[in-house]
Amino acid sequence: MLLGLEHIDPNRIAAIDSEGGKLTYGDIINRAKEIEANFSNRALCFMLVENNVNCIEWVMASLISRRLVPLILNAKTDEVLYNNLLSTYKPAYIWKNGELIRTVNPIAPLFPELSHLLPTSGSTGSPKLVRHKYENIEAAGLNISTFFELKETDRPLMVLPLYYTMGLSMVFSHFKVGATVLITGRNMTDPVFWKFIKEKAATSFTGVPYSFQILNMMRFFRMDLPALELLTQGGGKMERGLNLKFAEYCRDNGKRWIATYGQSECSARMAWLPAKWAVEKVGSIGIAVPNGELSLIDAEGNPINTPHTEGEMCYRGKNVTLGYARSLEDLTLGDERNGFIRTGDLAYFDEDGCYYIVGRMGRFLKLFGMRVGLDECEQIIASDCQTESACVGTDEKMIVYITDAAKTQAVKDALVEKTHIVATSFEIRIITEIPKNEAGKKLYSKLENK
Amino acid sequence: MTNLEKYNDIFVQVFGADIALLGDNYSKETVSEWDSVHQLNIISLMEETFDLMLDPEDIMACTSYNAGKEILARNGVKL
């Protein structure tokens, strides 16, 4: 059975949520058996999830049963994106609010190893999905539980969404060892969140850079949380000063601070910085996860073997996903990557083999840990404001160049509405002309990035 | 700029808010974008604008336009 769940005591608590819900490993297996008994064919199912035990039960049971292949979505997915997904992928089933509904769509064929689908972007309107296989779940469960040294008695606090690759990988890796996931959909500014972490004695916390900014603002360093032993970070580069503050705090207080790197194309974690290097090598993404391999290639595609030489970072491992889907027909496709991916990130490694990301080749940012496509934002501006734009920036702020000053507010409003990201993340700048080459391609390098 | 204008400007910066709508009905319940990210952003700007250091209790309580005013009052800022 997936993740070896049949070896875990069925009475063990698999998950507890902040609204009082509880789930045992036996509950998940029984639900999986029920799905198996009721479905003779594999079928696509849109699952609209929130962070609670019921959603964990259904997602995991679907995966174990191999009958329902879920597209895991935020229950609060933007309506335009949701309708776009519905018309593109025509699911035979929709699971929401605890109910499984049969739609009018026929049951379309699916690749036998296709396990689940995740959106590439949580915010902008693209219906492009990442296709995962069952082997990815096993690999994520094994690799992640190995380097974090997870154990049965762990009680990780899960605030990352279940529909987000890193949140889902938390579930896989902790279920692999029979731990108890403490899941909450509450904001970190909600008193219930803090009551939950204290009362349930969470042993670890996993967040994106913004989660740690919140912890810092909530005066985390003055809190008494004796059970909390491990802090892990992923979802984009963290600001150096804050990273160091957490690394030093953990070093001085007998806790572990582990920064990680990953992409949804590789079922979350791909690299980790061992706690012993957290302070010394702050800002590094560290080394490849167990059973994975990082490498660098130059512009001609040749391997780079010398330290401090920049190149495109590549990854090999069983957690590399099958590929993307852009249509219903794509769900029959097999493995397009065969365990290897070019990450699109520019990096170098040091003498110890620890990697450092220096930039990105692709056109996307990670604002608050959410991947935001720059080209998609330009499309939003074009369709909502009828004006041309050029979007650039860093993981702290997106800079939007437009030529029509009168549209400044409208552009900002459109981006805030469509991406649900705070308005201060977007800086609108006016220029006389968007620089382009003779072929009409935008020349982003001619724009100021900072 | 008066303190009230500075306070209102925080909501313009964070939500792109229309000043005319700021009032009793402007809260976490009525503004769909108002999540923890936005809430922390309001707090950061309040701390910056009025040179304050707010407590976790204040941060958690900052769930509406009026609540923000009360937090400022508690911390000695007159609007």
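From the N terminus on, chain B of this predicted model runs α-α-α-α. That gives chain B four helices and zero strands.

Of the 79 residues in chain B, 30% are buried. Contacts also reach along the sequence. Take the contacts in chain B between residues at least 6 apart in sequence: 50% of them join residues at least 24 apart.

Now turn to chain A and one pair of its helices. Two packed helices are described by the angle between their axes and the distance between the axes. In chain A, helix α9 covers residues 374-385 and helix α10 covers residues 408-419. These helices pack at an angle of about 120°, and their axes lie 9 Å apart. Because of that angle, α9(A) is oblique to α10(A). The crossing of α9(A) past α10(A) is right-handed.

Which residues make the contact? From α9(A) come Cys377(A), Ile380(A), Ile381(A), Asp384(A) and Cys385(A). From α10(A) come Ala410(A), Val411(A), Ala414(A), Leu415(A) and Lys418(A). By class, eight residues in this contact of α9(A) with α10(A) are nonpolar, two are charged and none is polar.

Definitions and conventions:
Residues numbered from 1 in each chain as written. Chains lettered and ligands numbered in written order. Predicted model: local features only at pLDDT ≥ 70, side-chain atom pairs only at ≥ 80, totals over all residues. Axes fitted to C-alpha atoms, helices over the stretch in contact; angles between N-to-C directions. Helix = DSSP H or I, 4+ residues; strand = E, 2+ residues; numbered from the N terminus. Parallel < 35°, antiparallel > 145°, perpendicular 65-115°, else oblique. Left-handed = near helix turned anticlockwise from the far one by under 90°. Contact = placed C-beta atoms within 7 Å. Nonpolar A, V, L, I, M, F, W, Y, C, P; charged D, E, K, R; others polar. Buried ≥ 20, exposed ≤ 12 C-beta atoms within 10 Å, placed from the backbone.
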